[in-house]
Amino acid sequence: MIYDLIVVGGGPGGATAAKIAAESGANVILLEAAEEGRYKCCAGGIPIRSEEFSPIPHGVGDREITGGVLFTPKKGPMEFEASGKNNKGYCMFRTDFDKYLLDISQDAGVQVIYESRVKRIEIGKNKNVKIVGTKEFQSKCVILATGLGGAQLQRTLGMEVPPMVSGIQAEISVPESVIDDQFGNRIWEFFDRSLIDHGIAWVFPKSQTLSIGVLGKGVKMSHFNAFLKSPFIKEKIEGREMKVFGGRKVWAAPIPDRLITKPYREQVMVIGDACGTADPILYEGIYQARLSGKIAAEVFCQALEKEDFGESELARYNELLLKHLYEEGLRYSYKFHHLLYHSGLLEQILEASYSIAKEDPEMMQSTIALFTGSETRKHSWEVMMSRKWKLIKLLGIKNSMKLFPTLLETQIQDLHRKKREKQE
Ligand SMILES: Cc1cc2nc3c(=O)[nH]c(=O)nc-3n(C[C@H](O)[C@H](O)[C@H](O)COP(=O)(O)OP(=O)(O)OC[C@H]3O[C@@H](n4cnc5c(N)ncnc54)[C@H](O)[C@@H]3O)c2cc1C
């Protein structure tokens, strides 16, 4: 049997792409390496805008989130209370969320096969694609949605793999009333360069669990242990048990921090983390993986109508990805990333921005939007830059001088990317 589309990987990106393609009448199979209901190392925070792909049913969205807290050692908690229906989100277990997404893709007609790791992909001129795993399958087109677990497949297809950083996380059992009292319906992000130089730590509250983790460049177990021992966290988790998933209490996983330049070739499109779509301000990638899946599925449907899966037809995927995900989004996330994590002024910038935001509703709204995605990253960047003199005053001239090389570097990276795109 020859499928119209094989999707490799059943995370949020793959499940979204497969569902949309099947809804348009295509014959779609999705191959997932793990067993049904696998644990995924992820804090599970998603903004409400994720519902543009499918509603999040009660129970899957484990805790509704209505605010955030940024924490620096000097200032302690800096609180943001979001208002309006576009500003909330959820903290959920990926086990439930990913299973739900695969269930609804099956309802749409996708054939989902669990425990089916793809080991090889063969593409011959003017032929169908051959996928070799536990069995062999053939299709007209493939969407690679393997997260960062499919790097080898990408390399053998001559495709780029995104650069990545690492995350380490544990899920800690805590009674709901204690979570309500100590953390509330807010996600907590910790910024402390003495703990993690280029990264972030967090506590994401679920209904009866706290997801606690660290993420960034060069992150190791020692960073995670140091975070658990930091005074604020230690006091709150004293005597609490870590939950066990797949025989392990502590999980580690990579996350990409840059888009690849060419996420397509004839008969293949790469989406989600495999393509580097995650946003490296707060390191979130679920929404972005789903958006790239939606775009790839729509490009696939047009290609199917023409029965043309050649490189120039699938190049449209990259154009749309740049338009919808990069131009007003990731491009500015990379600027924020550089400013925060590469300037050596992480805590100071956050503290100064918060001081401005407390007196300035537009700055407050655009800072909240960094958590919720209710406004574009471009807008948040422009709002921040229009307050640059206030920022410089709060940071002091000596510190502000350190920002210039960082800002220049973001401009140079932009230019490099444009040049590479032109060459492609
Ligand atoms: C510690 C940590 C915390 C995070 N917290 C958040 C957060 O709070 N919010 C947020 O939005 N994002 C978060 N992220 C990022 C988020 O997890 C990813 O961006 C998201 O999962 C990407 O989805 P995806 O579908 O591209 O890939 P994945 O979710 O990784 O799914 C890929 C799937 O492909 C399967 N697979 C791999 N190789 C093969 C193969 N050869 N054959 C068949 N199947 C294969 C895997 O088993 C997996 O199920 C976090 C990441 C980490 C590491």
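These are my notebook entries on a predicted model of one chain.

**Ground rules.** I number residues from 1 along each chain as its sequence is written. Since this is a predicted model, local features need pLDDT of at least 70 and side-chain atom pairs count only at pLDDT 80 or more, while totals for chains, interfaces and linings use all residues.

**Overall build.** I looked up the secondary structure and found 13 helices and 18 strands. Both are DSSP runs numbered from the N terminus: helices are H or I with at least four residues, strands are E with at least two. Along the principal axes, the C-alpha atoms fill a box of roughly 65 × 50 × 40 Å. The radius of gyration is 22 Å, which agrees with the value near 22 Å for a compact globule of 424 residues. (That one is taken over C-alpha atoms, and the globule rule is 2.2 Å times the number of residues to the power 0.38.)

**Burial and contacts.** I get 47% of the 424 residues as buried. Buried here needs 20 or more other C-beta atoms within 10 Å of the residue's own, exposed is 12 or fewer, and partly exposed is in between, with C-beta atoms placed from the backbone. For contacts between residues at least 6 apart in sequence, 72% join residues at least 24 apart. A contact means C-beta atoms, placed from the backbone, within 7 Å.

**Domains.** The assignment, automatic or from a database, gives domain 1 as 2-40 + 95-163 + 260-327 and domain 2 as 329-423. Their centres, over C-alpha atoms, sit 32 Å apart. I see 9 residues of domain 1 in contact with 12 of domain 2. On the domain 1 side, helix α8 (residues 311-341) gives the most, with 3 residues.

**Proline 47.** I then checked this residue, which is found in strand β3. Is proline 47 buried or exposed? Proline 47 is buried, because 21 other C-beta atoms lie within 10 Å. Setting aside neighbours within four places in sequence, proline 47 is in contact with Gly89, Tyr287, Thr372 and Gly373.

Key: Contact = placed C-beta atoms within 7 Å.
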